Amino acid sequence: PFRHTPEFAGLRVTMMLLSNWDAKDSRNGPEESNAGIFRGPGAGGNPELLYSFFDWGSTLGRWGGLMRRTRSDCSGFSADTPGFVKGVHGGIVEWGYAGKHQQDVKADISVDGLRWLAPWVQRISDAEIRAGLEASGASDRQTACWATALEERISQLETVAGLGRISRPSIAR
């Protein structure tokens with residue numbers, strides 16, 4: 001029910017933003033799936049469907065095929081960053097990302113979809129990115145490395161969405 005919605009496109013872009021190459025769904029068997037749809041309480045007592053991706057362990061490294069991808073690898077994550085967004089063709093964003101079920105993750109995300117996502121991503125300050133990395137146990141060196149790469153990836157999203165870089169609060173590096 002979430003296919004072709006801006007919210008689902010936003011989740012897929014977030015997965016690529018963090019280089020999460022380990023997307024698995026029911027095709028891998030229910031015990032291996034790390035994605036799901038849940039029914040939760042909605043407004044006015046009406047049930048609401050919620051989509052969840054709940055395994056982020058294969059992130060912040062290199063994307064790619066079996067012998068290339070890594071986890072928690074700042075230098076690899078940074079090396080992939082210049083190719084995060086490859087271009088736009090016919091209003092559809094072309095991504096550098098590769099991983100499990102990559103066609104499902106990166107297919108048919110439009111520039112309009114990025115325009116929907118951009119205000120949510122732009123609300124995250126550079127200081128908050130760094131604080132989140134530090135809180136998760138990243139060293140000072142890792143924090144600087146990952147934050148710089150994430151900020152560059154966000155800048156690429158903003159550029160493709162036609163928004164340019166907004167003035168986001170930053171901390172001294």
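**Close-up views of helix packing and a disulfide**

**View 1. Helices α5 and α6 pack against each other.** Helix α5 (residues 126–135) meets helix α6 (residues 140–160) at an angle of about 140°, and their axes are 9 Å apart. Axes here are lines fitted to C-alpha atoms, for helices over the stretch in contact, with angles running from 0 to 180 degrees between N-to-C directions; helices (H or I, at least four residues) are DSSP runs numbered from the N terminus. This is a predicted model, in which local features need pLDDT of at least 70 and side-chain atom pairs count only at pLDDT 80 or more, while totals for chains, interfaces and linings use all residues. Residues are numbered from 1 along each chain as its sequence is written, and side-chain values use heavy atoms, leaving out hydrogens and water. α5 and α6 are therefore oblique to each other (angles under 35 degrees count as roughly parallel, over 145 as roughly antiparallel, 65 to 115 as roughly perpendicular and the rest as oblique). In α5, look for Asp126, Ile129, Arg130, Leu133 and Glu134, which meet Thr143, Trp146, Ala147, Thr148, Leu150, Glu151 and Ile154 in α6 (contact means heavy atoms within 4.5 Å). The residues of this contact comprise six nonpolar, two polar and four charged (Ala, Val, Leu, Ile, Met, Phe, Trp, Tyr, Cys and Pro count as nonpolar, Asp, Glu, Lys and Arg as charged, and the others, Gly among them, as polar).

**View 2. Helices α1 and α4 also pack together.** Here α1 (residues 6–17) and α4 (residues 111–122) form an angle of about 75°, with axes 9 Å apart. That makes α1 roughly perpendicular to α4. Pro6, Glu7, Gly10 and Val13 of α1 touch Leu114, Trp116 and Leu117 of α4. Five nonpolar residues, one polar and one charged make up this contact.

**View 3. A disulfide joins Cys74 and Cys145.** One disulfide turns up in a search of the whole structure (a pair of cysteine sulfur atoms within 2.5 Å). The sulfur atoms of Cys74 and Cys145 are 1.9 Å apart. Cys74 lies in helix α2 (residues 74–80) and Cys145 in helix α6, so the pair ties together parts that are 71 residues apart in sequence. The torsion about the S-S bond is about -120°, so the disulfide is left-handed.

**View 4. Residues 167–173 have pLDDT under 50.** pLDDT is the predictor's confidence in each residue, from 0 to 100. For residues 167–173, the model has 18 contacts beyond four places in sequence. Where pLDDT is low, the predicted coordinates should not be read in detail.

Definitions and conventions:
Helices (H or I, at least four residues) and strands (E, at least two) are DSSP runs, numbered from the N terminus.
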